[in-house]
Amino acid sequence: MLRLEDVDSHYRKIHALKGISLRVREKSICCLIGANGAGKSTTLMAISGIQPISSGTIKFGGDPIQKLAPEEIVRRGVVQVPEGRRIFPDLTVKENLVLGAYLRKEKRKVAESMENSFELFPILKERREQMGGTLSGGEQQMLAIARALMGIPRLLLLDEPSLGLAPLVVEQIMGIIRRIRDDGVTILLVEQNAQAALELGDYGYVIETGQVVLEDKAQALLENPRVKEAYLG
Amino acid sequence: MESLLDQSSLFLQQLVNGITLGGVYALIAVGYTMVYGVIQLINFAHGEIYMLGAFLAYTMVTVLGIPFFAAFILTILICACFGIILDFVAYRPLRNAPRLAALITAIGMSIFLQNLALMIWGSQIKSYPRDMFPAIFLKPALSIGEVSMTWMQVFMLSITVLFMVILHLIIHKTKIGTAMRAVSQDKTTSALMGIGVNRVISFTFAIGSAMGGMAGVLVGLYYNAIFPTMGYIAGIKAFAAAVLGGIGSVPGAMLGGGVLGIAEVMGAGYISSEYRDGISYAVMIAVILFKPSGLIGRQIGEKV
């Protein structure tokens, strides 16, 4: 469904991605694990069209998307939940959700999607008139995911959804991600919390300093001594 | 005449004048503050859009013979386009450049547009022909004792209030307005939502410039004087109003405009009319010294 081939990208003078190649299969959860600064977020930003790439191709459903504007990529169904949730702090929960559906025209269906998000995350319904900035970390993460789902993604890019959350909340979020996959959405999950990600995922890539150093089935990565030592501690 | 007025009616009369003038400042200030909100740029060429608005309506009425109200509406639309073009030509190429570069460009655009107007219309002060609108405009609409308000003032104030309400509704009740607020908070995330950030910025320039052009026509009418440098002083005053209210805050710009207009007219009436312009500067300096975030602005870490 998504294919990166030899993607290079520079951030200011740093060579952030050095020939990244990876594949995300339809209706699977693909994990991207690695240390801080390995290039995980840069990869997602490149897929979303925010971070320009200097060479290589990014194909979604067979079509190259690396030259498209971010909005066009969203229109095709690739939606990202960015690192740190990036909720609009001075917009209400409802307004945040409305913006997730920015490119959708049919008002009735958007309203339906909003009802669905409230079903998936009842806490958001309670807080719908509250400013996004007043929510707790876990609630903000839920809002960020709900907001992305408002865009009806075919491929959901999740950047560190567990970051800064209590273990119980992490479990809850991971459960939600599984549910989203079961609803037929393909997921590319970036995580520092390798354990949680690989337990959930089908397939995984390990990246270090902008390169893929290892790829395998998620289960196999969990048992891989190198992964165990470096990321599972 | 003035000696006949007792103190309270002098005060009330000045208040009426101040509110009318303040409304116009608010119209201009909104343009500064909205653009600052979305791209953190003080668009110093905004005053020139206001000036161009005054001249455009003038040319339409005197040269092309278009009726005033039609010319007024056309001017608003053309100024909206000017705003979009200004952003496209001058600021968009500098979107990722250091902010100082865009600021200097803004000053450059201001000087360029001023001189362009000088070339097209000359340096002589122009005025709208008196017969272009019904004579009733100059007659008092209501007078209570010695205090009166002309139809012109009623017209200006209603237009101001009407468009402030429309602006508020756009910002808070429409999707593009929500997108504007989103872009002002976080551009990258806005783009990730599928919002065309540049389109939203263009829209912001269009709205701000439309209101600026409208203000130009209104002031041109009110003072009956149109000249190439009129945008400079009005621009600085509206900027002061935006700073007073809290730069980036639309209600702040409205409030700041009102307060500044009243302060200026009161100062001119009670102290000396020669200090008219000085009062705006004094207000701006006082705000920067004592409350840099403005009356209802939020704290901002960075300064231009």
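The model is predicted: local features need pLDDT of at least 70, side-chain atom pairs count only at pLDDT 80 or more, and totals for chains, interfaces and linings use all residues. Residues are numbered from 1 along each chain as its sequence is written, chains are lettered from A and ligands numbered from 1 in the order written, and side-chain values use heavy atoms, without hydrogens and water.

**Exercise 1. Describe the interface.**

Step 1. Apply the rule: a side-chain nitrogen of Lys or Arg lies within 4 Å of a carboxyl oxygen of Asp or Glu.

Step 2. Take a pair. B:Arg181 and A:Glu95 form a salt bridge, with N to O at 2.8 Å.

Step 3. Count contacts (heavy atoms within 4.5 Å). In chain B, 21 residues touch 21 residues of chain A.

Step 4. Find the buried area, which is the accessible area (1.4 Å probe) that two parts lose on being put together, summed over both. Chains B and A bury about 1,900 Å², with 61% of it on carbon and sulfur atoms. B:Lys175, B:Leu192 and B:Met193 supply 35% of chain B's share, more than any other three residues.

**Exercise 2. Search for disulfides.**

Step 1. Look for cysteine sulfur pairs within 2.5 Å. The whole structure has zero disulfides.

Step 2. Check A:Cys31. The nearest cysteine sulfur, in A:Cys30, is 6.5 Å away.
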